[in-house]
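Please keep the sequence and the 3D view open while reading.

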Amino acid sequence: MADRNSAKKKPEKKKGEEKEKSVKKSEKVVKKTQSRTDEEKKKAEEGGGAAAGAAAAAGAAAAGAAAAGAGAPEEANTEGNGEFQPIELPPFQIVTGEQMSPFYFKFQFRNVEYSSGRNKTLLCFRVDAAGGSAEPVKGYMEDEHATAHAEEAFFQQVLPNPSQECDVTWYVSSSPCVACTAALTAVLQQRKKLRLCIFCSRLFEWEQPEIVEGLRALANAGCKLRMMKPSDFQHVWDTYVEKDDESFAPWEDCQDNYEYYVGKLTEILK
C-alpha cells in the first residue's frame with residue numbers, strides 16, 4: 001500500500017488527455033523534389049564537371065527542403081496551389097468492443113491509490129432486460145479524448161431508448177468525475193425504469209468536495225455504488241478480457257486497496 005498522506009498531496013489527474021499529433025511527410029513535396037533532383041543530375045552529367053557540381057548543390061538544397069517539409073503537422077494538407085490547409089480532427093472518439101486486451105485490464109483496472117498514466121476510463125457493461133425477455137448485452141467502452149467520457153457515451157450508443165426497462169451493471173476503472181456524476185444523476189431521474197449498479201476499481205479525486213457531493217447525489221438518485229473486490233476483478237477478466245489461456249492472478253495489494261477504498265466510499269456516502 002502506498003503512503004496515504006502522500007496520496008492526499010497529489011490529486012489525481014483529470015480524465016482524458018489529448019494525444020499529441022503525429023507528423024507526416026508531404027508526398028507532393030517529396031515527388032516534386034525528387035523529379036527536380038533527377039533532372040538536374042541528368043543535365044549535370046551532360047554538361048560536364050562544373051555543371052555536375054552545381055546540380056549536386058541544387059539537389060542538396062532540394063533535399064533539405066524536403067526534409068523540412070517532413071516536419072509539417074498531420075493536419076497540414078497540400079492543395080493544388082501548394083498551400084497547406086488544416087484538417088478538422090473529431091472532438092472525441094469512443095472505442096467499443098466485446099473484449100479488451102489483458103494489458104489494458106491489468107494496467108487500467110489496477111486499484112492503486114495513484115492513477116499516474118491512467119488517463120482514460122474503461123467501462124465494462126451488462127444490460128439485462130426486464131424479466132429476462134432478451135439475452136443480456138455485454139461489452140466494454142473506453143474514452144479516447146477529454147471531451148467525452150464513456151459513462152455518458154454509454155447512454156448515447158448502447159442504451160439510447162429512455163423508456164427501456166432494464167438493469168445495468170458497470171465495472172469501471174475509475175469512479176465518475178463531476179460532470180459524469182451530474183449527467184448520470186439526471187439520467188436516473190428521467191429514466192424511472194432504469195436501475196444502475198456501478199462497481200469501481202478506484203475512486204476518482206475522492207477528497208474533492210464536488211466529487212463527494214456528486215457521488216452522494218448519484219447514490220440518492222438510486223445508483224448502487226460499490227468497490228471492486230478481488231472476485232469482481234476475476235469476473236471482469238473471465239468475461240471481458242481476451243486472455244486466451246492466460247489465467248488471472250490478483251496483484252499483491254488488491255485486497256488491501258479494496259478495503260481502503262471501501263472505507264473511503266463509506267465515509268462519502270454516510
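Does Cys223 count as buried or exposed? With a relative accessibility of 5%, Cys223 counts as buried, where buried means under 20% relative accessible area, exposed means over 50%, and partly exposed lies in between (1.4 Å probe, protein chains only).

1. This is a predicted model, in which local features need pLDDT of at least 70 and side-chain atom pairs count only at pLDDT 80 or more, while totals for chains, interfaces and linings use all residues. Residues are numbered from 1 along each chain as its sequence is written, and side-chain values use heavy atoms, with hydrogens and water left out.

2. The chain has a mean pLDDT (the predictor's confidence in each residue, from 0 to 100) of 74, and 63% of its residues reach 70 or more. Across residues 1–92 the pLDDT is below 50, although this stretch has 97 contacts in the model beyond near neighbours in sequence, a contact being heavy atoms within 4.5 Å. Where pLDDT is low, the predicted coordinates should not be read in detail.

3. Strand E4 (residues 122–129) is largely enclosed by the rest of the structure, because six of its eight residues are buried. Helices (H or I, at least four residues) and strands (E, at least two) are DSSP runs, numbered from the N terminus, and two strands pair if DSSP finds at least two bridges between them. E4 runs antiparallel to strand E5 (residues 137–143), joined by six bridges, with Arg126 opposite Lys138. E4 also pairs with strand E6 (residues 166–172) in the antiparallel sense over seven bridges, and there Cys124 has Tyr171 as its bridge partner.

4. The largest nonpolar core has 36 residues, and those that touch the most other members include Phe154, Trp170 and Ile198; such a core is a set of buried Ala, Val, Leu, Ile, Met, Phe, Trp, Tyr and Cys residues joined through side-chain atoms within 4.5 Å. Among the elements that give two or more residues to this core are E4, E6 and helix H5 (150–157). A second, separate core of 18 residues includes Met100, Phe105, Met228 and Tyr240.

5. In helix H8 (residues 230–240), the buried residues are Asp232, Phe233, Val236, Trp237 and Tyr240. They lie on the same side of H8, because they cover an arc of only 145° around the axis, taken from the directions from the helix axis to the C-beta atoms.

6. If a disulfide is a pair of cysteine sulfur atoms within 2.5 Å, the count comes to zero. Cys180, buried at 0% relative accessibility, has its closest cysteine sulfur in Cys177 at 3.7 Å, which is too far for a bond.
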